[in-house]
Amino acid sequence: MQIIHSDVLIIGGGLAGLRAGLAARKRGQEVIILSLVPPKRSHSAAAQGGMQASLGNSARGRGDNEDVHFEDTVRGSDWGNDQLVARMFAHTAPKAVRELAAWGVPWNRVQAGDHTAIIDGQPVTINEATAAHGLITARDFGGTKKWRTCYVSDGTGHAMLYAVSDQSIAAGIPVHERMEAVSLIHDGTRCHGAIVRNLMTGKLIAYVARATCIATGGFGRIYQSTTNAVINEGIGAAIALDTGVVPLANMEAVQFHPTAIFPAGILVTEGCRGDGGLLRDVDGHRFMPDYEPEKKELASRDVVSRRMEAHIKSGKGVRNRFGEHLWLDITLLGEQHINGKLREVKEICQHFLGIDPAHQWIPVRPAQHYSMGGIRTRPDGAAYGLDGLFSCGEAACWDLHGFNRLGGNSVAETVVSGMIVGEAMAEFCNSSAGELNVSTALIRDCWHRAADEFTTIAQSSGPENASHLMHEMQQTMSQKVGIVRHGPVLQSAVDTLKSLILRSRKIGLRRSQPGANPELVLAWRIRKMLKLALCVAEGALQRTESRGAHFREDYPQRNDAEWLKRTLAYWPDPQQTQPTLSYETLDVLTMELPPGWRGYGARDAIEHPDTGRRQAEVDVLRQQFASADRSTRQAALLDFSQQLPCHLRGDNERLGDAT
Amino acid sequence: MIPLFRHHTKASSQPRRLTLKILRYNPAELNAAPSFQAFEIDEADGMTLFIALNEIRATQDPSLQFDFVCRAGICGSCAMLVDGRPALACRTLTRDLSAQITLAPLPFFELIGDLSVNTGKWMRGTSERLQTWIHAVEPVSADILETPMAPELAEAIYELDRCIECGCCIAACGTAQMRPDFVGAVGLNKIARFRLDPRDQRSDDDFYELIGDDSGVFGCMSLLGCHDVCPKQLSLQTQIAFLRRKMARLGLN
């Protein structure tokens with residue numbers, strides 16, 4: 001048995017994992033990163049439109065600050081997130097953008113003088129200040145009060161991933177590519193690393209580490225129609241669930257992106273609408289203002305996706321041989337803008353649809369896009385249930401996004417959480433709790449258990465076919481646990497998935513071959529993915545309210561009185577066919593922004609009994625500190641700075657601060 | 001008037017029967033020899049090689065190895081030889097090909113199995129060798145206003161930053177076939193990118209040390225297969241010519 005040792009083991013080579021690795025390395029820790037694919041191929045590269053940070057450089061971003069970003073994020077989450085985490089995030093995001101600028105990300109910059117933008121379908125002249133010339137500019141995104149989304153054309157994730165990956169090469173951090181963590185080494189209280197399968201040779205290796213971080217991204221591939229890359233199968237979250245002691249939180253909170261090209265499901269960025277693109281129906285009618293007079297196409301993603309599906313249901317969809325869709329019209333932005341700022345969109349339209357979006361409308365329909373839920377962690381990234389286990393990025397439920405993530409907040413979260421969680425891991429390693437005290441017997445046991453899993457599948461002559469089960473799971477999720485949910489339908493999804501779990505225990509392989517064996521990989525993964533699918537479906541079935549992206553036709557109201565709480569899904573016994581759920585309460589009395597209306601979407605929430613009391617407290621505090629500076633006033637409402645590493649606590653400078 | 005998207009194949013026509021001839025080789029198998037294997041499938045509307053290969057794996061041969069990640073032409077994982085020409089398989093539509101399609105792994109890179117090659121290992125090595133990161137002398141505080149940059153310059157840097165390290169340029173390179181240590185268009189383009197970036201404080205002398213020989217910019221024979229096959233249509237011809245001029249002048253001084 002080969003054992004590889006490091007201080008910090010990071011599972012996942014996307015933006016979150018790489019950034020966490022850099023933070024830990026900078027603090028002197030030996031870091032190893034595992035990645036399914038070469039890290040620059042990670043799904044982070046597919047983030048197109050941008051990263052939110054309240055720099056406030058551009059004319060339409062003027063007046064922006066952490067407070068506005070915080071409030072937008074909380075409203076976006078439909079009050080489902082952790083406001084402490086949202087504060088830490090909003091404060092650190094400007095630092096992250098500036099750090100990335102220093103690392104070479106070619107952020108688009110402010111051009112002083114007049115320029116024309118399309119706002120609400122009309123050309124508008126915007127004047128950019130001379131003083132702002134050359135600073136990082138921003139575009140509009142859904143659910144935000146200011147233009148806050150910093151961008152690099154529509155290849156933002158690509159540029160960020162390459163800069164951060166190159167930094168990790170500069171720091172000499174080894175990335176072990178084509179490696180898949182298949183189980184965690186643990187004794188029920190402490191995590192000691194992971195058993196890892198080499199996807200080129202099929203060999204199992206034990207990686208032993210003082211701190212282990214899961215940064216494997218989302219699990220969109222449990223759905224049939226998804227914008228996610230094919231590697232986003234959620235295996236990182238699944239091996240945490242397999243421990244039986246680490247919970248996955250809010251798995252029912254699944255985001256559907258309004259504009260995936262139809263039917264391929266490939267994303268075209270929210271920047272299309274942020275830059276002025278419109279949604280149209282079968283008659284060419286711009287329908288969003290009918291539903292959302294305030295934010296129109298730029299309400300939050302959950303709201304726009306829901307409105308689109310409702311509009312299709314009302315008979316206004318466009319029919320083609322694959323089904324029904326709507327149109328995204330960016331022709332009004334003009335060829336020059338599309339060639340410069342939306343070039344990936346243009347390439348995708350050319351290659352996959354054979355159209356030129358400067359002259360033709362793009363067929364779109366919402367598709368699964370993002371997993372708000374994941375491995376439940378504390379604000380420093382430490383996972384519930386196992387010491388020495390951490391998680392960050394989309395794999396984690398840190399809980400920045402609650403029940404709906406704002407566009408531009410996910411790539412921002414990857415780097416910000418990486419900065420914070422990497423530091424926390426270094427702190428942990430430097431503490432007495434971080435000492436490694438692991439027996440080789442435990443490592444061997446874990447190794448054998450993992451090896452047995454693969455051998456059992458490889459030798460099984462069972463009747464079931466893994467490809468078929470995958471297809472049935474994906475279909476069930478897309479059809480029954482999608483944008484609009486309903487109790488009996490969810491129940492039938494749970495029943496189907498439970499029967500699939502039983503069937504997945506009887507998968508047989510058609511071929512045996514040495515090496516990694518893609519058939520074996522699929523057969524092993526489908527069993528993990530089915531557990532995740534059940535966490536989503538069961539969580540959705542039990543949550544009898546509508547919040548953010550979780551919409552129940554039979555319970556259409558947000559119910560703060562009963563459901564201001566986070567779902568925690570455990571899988572204590574491998575023989576179970578569904579998760580064990582419990583809940584943790586969100587405390588209204590500690591909220592800086594007590595629950596209210598989001599500013600878009602329905603306005604019918606059932607109020608929590610503490611909301612009025614907390615609102616009154618907040619109002620008094622705001623008055624009391626009316627003459628204090630912004631950060632003192634804010635700290636009186638929710639003090640977050642102690643949660644951040646010292647070097648991230650400083651105020652963020654903005655243009656015009658001095659005046 | 002609603003513009004509709006184009007359909008190349010007529011709705012009424014019978015789907016074509018495609019034959020995909022795929023180079024098979026699993027190095028883990030003892031005594032195995034590379035050979036072509038043919039698979040037949042019905043063409044579907046809008047079918048890409050991503051869809052076709054996955055269908056073959058799901059319904060005909062579960063052992064077939066290939067690499068896809070984003071399946072949207074963004075990540076560069078799926079470069080392979082399509083009818084002899086390096087291309088991204090995920091965004092290659094079968095309707096643009098004949099009914100007989102030949103697929104082979106990219107040459108030059110270490111073969112993992114069938115159509116899967118280890119581009120990642122080579123790209124990391126090249127990054128280490130060419131030090132493809134910003135070399136700044138002074139640390140920058142993230143609390144203060146960022147250093148301004150001309151908007152056009154930021155856009156020009158992004159133009160070169162769009163490389164997705166797919167390996168097509170290396171597979172199409174005459175020099176790389178003869179010199180395994182050649183950094184290729186991907187490497188030279190990266191040098192051009194960092195050279196253009198004022199945040200990188202390396203001088204031309206520093207860059208000369210990295211690429212001023214036959215494994216670098218002087219190894220290029222100007223055949224420019226790289227330029228022809230680059231899926232991101234990077235201006236490789238211009239970048240290489242410009243770098244060569246700069247480096248040659250420096251070398252002569």
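In chain B, 14 residues of domain 1 are in contact with 15 residues of domain 2, contact meaning heavy atoms within 4.5 Å. The model is predicted: local features need pLDDT of at least 70 and side-chain atom pairs count only at pLDDT 80 or more, whereas totals for chains, interfaces and linings use all residues. Residues are numbered from 1 along each chain as its sequence is written, chains are lettered from A and ligands numbered from 1 in written order, and side-chain values use heavy atoms, without hydrogens and water.

Domain 1 of chain B spans 17-117 and domain 2 comprises 131-135 + 149-252, with bounds from an automatic or database domain assignment. Their C-alpha centres are 29 Å apart. The area buried between these domains is about 1,100 Å², with 66% given by carbon and sulfur atoms; buried area is the accessible area (1.4 Å probe) that two parts lose on being put together, summed over both. Strand E4 (residues 85-88) of chain B supplies the largest share of the domain 1 side, four residues; strands are DSSP runs of at least two residues, numbered from the N terminus. By class, this side has ten nonpolar, two polar and two charged residues. Nonpolar denotes Ala, Val, Leu, Ile, Met, Phe, Trp, Tyr, Cys and Pro, charged denotes Asp, Glu, Lys and Arg, and the others, Gly among them, are polar.

In chain A, an open sheet of five strands has the order E19-E17-E11-E22-E23 with mixed pairing, where pairing requires at least two DSSP bridges between two strands. Strands E19 (396-397) and E23 (580-585) of chain A are the edges. Strand E22 (residues 565-570) of chain A pairs with E23(A) in the antiparallel sense over six bridges, and A:Thr567 stands opposite A:Tyr583 in E23(A).
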